[in-house]
Amino acid sequence: WLTRHLDSGPLMTGSNGVVSIYVADLEGRHLVRVVVPGALNSPLILGTLQLDRTPPVALSPAISTTEESATIVWTQDDGGLSGTDPAVPLTVEVNGAAGGDESGAWVPVDVPPGQGGDGQRVARTSTMGLAEGHHLVRVRSQDRAGNAGAALLGPLVVDRRAPVVSWVRVVRAPAPGDPTVELAYVAADPEPGSGIAPGAPV
């Protein structure tokens, strides 16, 4: 318990005025009590003081892409405080810079989330107008306490280059009664490189 106000008295039955306490260094939910030494029912819990000074965050973001579009999924969360304001639309944006930084213009996605508030949210956008590379994605939101901010969701990778196969060698030639040939090779996905899909047929 932190003592925030001391009243030296004398105390009288009924109201003793309005007490102001310093709370600028606090955030979250805090029980408030009054302690009167020797009095019955002391200490008395007055209630819970809720202080929310932080914008909402985006948890567990995941960005998947196809040849022409991207799907962005995340969980909108305000840490159990006032909550992301459902009356304020969530704004999801993609940065035009292909180097994975914030140097380009932020462009809204084509299909934003259908609702605000906390919970899992989904946005979709076309990638046809984006250059190859890594483009940052962010969501801008505001909670019921008026705290507004932007949370990065991660990079959206635009990759229009097919993997490259090199260094192909025959490691087992066919034999009589066994026409199977075994090959060794090196495959790589050049930059911006979204990676070779596991289990992809060769």
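**Close-up views of an all-strand predicted chain**

**Figure 1. Overall course of the protein chain.** Read along the sequence, the pattern of the protein chain is β-β-β-β-β-β-β-β-β-β-β. Its secondary structure amounts to zero helices and 11 strands, where helices (H or I, at least four residues) and strands (E, at least two) are DSSP runs numbered from the N terminus. The radius of gyration is 29 Å, well over the 17 Å that the globule rule gives for 202 residues, so the protein chain is more spread out than a compact globule. This radius is taken over C-alpha atoms, and the globule rule is 2.2 Å times the number of residues to the power 0.38. The C-alpha trace spans about 105 × 40 × 25 Å along its principal axes. Of the 202 residues, 24% are buried; buried denotes under 20% relative accessible area, exposed over 50%, and partly exposed the range in between (1.4 Å probe, protein chains only). The model is predicted: local features need pLDDT of at least 70 and side-chain atom pairs count only at pLDDT 80 or more, whereas totals for chains, interfaces and linings use all residues. Residues are numbered from 1 along each chain as its sequence is written, and side-chain values use heavy atoms, with hydrogens and water left out.

**Figure 2. The four-stranded open sheet.** The strands follow the order β6-β5-β8-β9 with antiparallel pairing; two strands pair if DSSP finds at least two bridges between them. The edges are formed by β6 (106-108) and β9 (148-158), each of which pairs on one side only. Neighbouring strands of this sheet are turned against each other by 30 degrees on average, direction ignored. Axes for such angles are lines fitted to C-alpha atoms, and angles run from 0 to 180 degrees between N-to-C directions.

**Figure 3. Strand β8 and its partners.** Seven of the 10 residues of β8 are buried, so this strand is largely enclosed by the rest of the structure. Strand β5 (residues 91-95) pairs with β8 (residues 133-142) in the antiparallel sense over four bridges. Here Thr91 stands opposite Arg140 in β8, and Val94 stands opposite Val137 in β8. Strands β8 and β9 run antiparallel and are joined by 10 bridges, with His135 opposite Leu156 in β9. The hairpin of β8 and β9 has five residues between the strands, and in it Gly146 takes a positive phi near 90 degrees.

**Figure 4. A nonpolar surface patch.** Val165, Val168, Val170, Val181, Leu183 and Tyr185 make a nonpolar surface patch of about 540 Å². The elements giving two or more residues to the patch are β10 (164-172) and β11 (182-188). Strand β10 supplies the largest share, three residues. Within β10 lies Val168, which is exposed, with a relative accessible area of 53%. Patch residues have over 30% relative accessible area and no salt bridge, and nonpolar side chains (Val, Leu, Ile, Met, Phe, Trp, Tyr) are joined within 5 Å. A salt bridge is a side-chain nitrogen of Lys or Arg within 4 Å of a carboxyl oxygen of Asp or Glu. Accessible areas come from the Shrake-Rupley method with a 1.4 Å probe.

Figure 5. Val19 is found in the segment before β1 (28-34). This residue is partly exposed, with a relative accessible area of 45%. The C-alpha atoms of Val19 and Ser141 are separated by 34 Å, the two residues being 122 residues apart along the chain.

Definitions and conventions. Patches are made of residues with over 30% relative accessible area and no salt bridge: like charges are joined within 9 Å, nonpolar side chains (Val, Leu, Ile, Met, Phe, Trp, Tyr) within 5 Å.
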